[in-house]
Amino acid sequence: MPVEFTTNLSDSILLAITQSVQSFVDFLPRFIAALLVLLLGWIIARFLYGITMRILQVIQLEPFAEKVGLAETLKKFGAEITPAELVAEIVKWSTFLVFLTPAAEILGLNQLTVIINNVIGYIPNVLVDVLIVMFVVIF
């Protein structure tokens, strides 16, 4: 009986280790693919951040923000960021969120994908609200 128990126990441990290693090996390509998607998303997001900053400098958002009091409001709330940087950061993180969705799908995180899609769907509403507030302040 002790020999049989030891054999069954060692077989069970070996089977558990084998299944764990196999699960890890199966997961590794998906993990690497998700990391590559996130890396690509981060690179594109940083690129769009730079483009957004340049565009906002060309259209001179800073003087406009000073005129409507947006820069002063940001300082009042303790933000150490300019209005142009704020807009560029929103563009950067929105872009990254778009790439986070396929990365979560690759990993099989369906609930996270649903949450991210809800957040992405909400972003245009926030931008429209900000534009409305800016127009109200101007006029």
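**Exercise 1. Decide whether Lys92 is buried or exposed, and name its contacts.**

Step 1. Lys92 has a relative accessible area of 6%. Buried means under 20%, exposed means over 50%, and partly exposed lies in between (1.4 Å probe, protein chains only). Lys92 is therefore buried.

Step 2. Lys92 sits in helix H4, residues 83-106. Helices are DSSP runs (H or I) of at least four residues, strands are runs (E) of at least two, and both are numbered from the N terminus.

Step 3. List the contacts (heavy atoms within 4.5 Å). Setting aside neighbours within four places in sequence, Lys92 touches Trp42, Ala45, Arg46 and Tyr49.

A note on the source: this is a predicted model, in which local features need pLDDT of at least 70 and side-chain atom pairs pLDDT 80 or more, while totals for chains, interfaces and linings use all residues. Residues are numbered from 1 along each chain as its sequence is written, and side-chain values use heavy atoms, without hydrogens and water.

**Exercise 2. Describe the surroundings of Ala104.**

Step 1. Ala104 lies in helix H4. Its relative accessible area is 3%, so Ala104 is buried.

Step 2. Beyond neighbours within four places in sequence, Ala104 is in contact with Leu109, Leu112 and Thr113.

Step 3. Now take Pro63. Ala104 and Pro63 are 41 residues apart in sequence, and their C-alpha atoms are 40 Å apart in space.

**Exercise 3. Find which residues of H2 are buried, and on which side of the helix they lie.**

Step 1. H2 covers residues 61-68, and Leu61, Ala65 and Val68 are buried there.

Step 2. These residues cover an arc of only 70° around the axis, so they are on the same side of H2. The arc is that of the directions from the helix axis to the C-beta atoms.

Step 3. Look just past the helix.

**Exercise 4. Work out the overall form of the protein chain.**

Step 1. Count the elements. The protein chain has 5 helices and 0 strands. From the N terminus on, the order is α-α-α-α-α.

Step 2. Compare with a globule. The radius of gyration is 25 Å, well over the 14 Å that the globule rule gives for 139 residues, so the protein chain is more spread out than a compact globule. The radius is taken over C-alpha atoms, and the rule is 2.2 Å times the number of residues to the power 0.38.

Step 3. Check the spans. Along its principal axes, the C-alpha trace extends about 90 × 25 × 25 Å.

Step 4. Check burial. Of the 139 residues, 21% count as buried.
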